[in-house]
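Have your viewer open and follow along.

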Amino acid sequence: MYKKVIIKEVIEDLLQLRQKQYDELIETLIEKEYAEDILNNGNSNFWKELFGEAHKDEKVIWDEFVSDFDIPLIKLNKLLDQDEKNSEVIEIEKKMAIIHNKQYLTVKEFEQKYNVSKTSQQNYRCRIHDPLPYHQKVEGGKIVYIVKEVEQWLDNQHR
């Protein structure tokens with residue numbers, strides 16, 4: 001019984017840290033948008049460049065937000081009985097399951113699923129020997145990974 005209370009407290013602490021991380025992201029995005037707007041005399045393309053559209057409301061950003069705390073939160077929540085599980089963590093787990101069941105991943109989704117930064121992905125793709133497999137229709141265009149190819153590549157990296 002006492003262990004469950006501690007688990008619930010740790011989950012709440014991690015959810016607060018997750019919220020703080022999200023708030024910092026939003027603050028950074030707002031500051032960047034403001035700076036871009038000033039530099040471009042009020043004609044900022046910040047949201048379009050970042051998200052592929054002119055404006056993205058905060059609910060969409062929240063729905064796509066992935067935190068360093070998500071996996072520990074899910075693991076801790078699984079230690080609880082079904083009726084004791086945190087509903088917010090259950091929603092986080094559902095969003096992560098969607099990413100993990102996809103056949104194709106974008107660079108951002110790859111980062112979320114495998115915890116490999118965009119810069120590291122680029123370095124792995126540029127390797128002369130055993131590069132990270134990816135697909136790109138036009139030079140400089142959007143990069144897509146096929147999950148089966150990536151999984152096989154990752155297995156070969158650990159041998």
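## Ground rules and the main core

A nonpolar core here is a set of buried Ala, Val, Leu, Ile, Met, Phe, Trp, Tyr and Cys residues joined through side-chain atoms within 4.5 Å. Buried means under 20% relative accessible area, exposed means over 50%, and partly exposed is in between (1.4 Å probe, protein chains only). This is a predicted model, so local features need pLDDT of at least 70 and side-chain atom pairs count only at pLDDT 80 or more, while totals for chains, interfaces and linings use all residues. Residues are numbered from 1 along each chain as its sequence is written, and side-chain values use heavy atoms, with hydrogens and water left out.

The largest nonpolar core has 13 residues, and L105, F110, Y114, L132, Y145, V150 and L154 have the most contacts inside it. Two or more residues each come from α6 (107-114), β3 (143-146) and α8 (147-157); helices (H or I, at least four residues) and strands (E, at least two) are DSSP runs, numbered from the N terminus. The biggest giver is α8, with four residues.

## The chain overall

The protein chain has eight helices and three strands. Read from the N terminus, the order is α-α-α-α-α-β-α-α-β-β-α.

Of the 159 residues in the protein chain, 27% are buried. Among contacts with a separation of 6 or more, 52% join residues 24 or more positions apart. The chain exposes about 11,400 Å², and carbon and sulfur atoms supply 52% of that; accessible areas come from the Shrake-Rupley method with a 1.4 Å probe, and for residues only the protein chains shown count as cover.

Between β2 and β3 the antiparallel pairing spans two bridges, and H135 stands opposite V144 in β3.

Two helices deserve a look here.

The buried residues in α8 are V147, V150, W153 and L154. Looking down the axis of α8, they fall within an arc of 125°, so they line one face of the helix; the arc is that of the directions from the helix axis to the C-beta atoms. As background, an α-helix has 3.6 residues a turn, so residues three or four places apart point the same way. The buried residues of α8 pack against β1, α6, α7 (118-125) and β3, whereas the face turned away carries the exposed K148 and Q152.

V147 is in helix α8 and has a relative accessible area of 10%. Leaving aside residues up to four places away in sequence, V147 touches K102, Q103, Y104, L105, K113 and Y114. V147 and P133 are 14 residues apart in sequence, with their C-alpha atoms 9.7 Å apart.

D70 sits in helix α4 (residues 70-78). Is D70 buried or exposed? At 2% relative accessibility, D70 counts as buried. Its contacts, not counting residues up to four places away in sequence, are R18, F65, I92 and M96.

N115 isn't a glycine, but has a positive phi of about 55°; N115 is in the loop between α6 and α7 and is exposed at 68% relative accessible area. D130 also isn't a glycine, and its phi is positive, near 55°. D130 lies in the loop between α7 and β2 and counts as partly exposed, at 38% relative accessibility.

Notes
Two strands pair if DSSP finds at least two bridges between them. Contact means heavy atoms within 4.5 Å.
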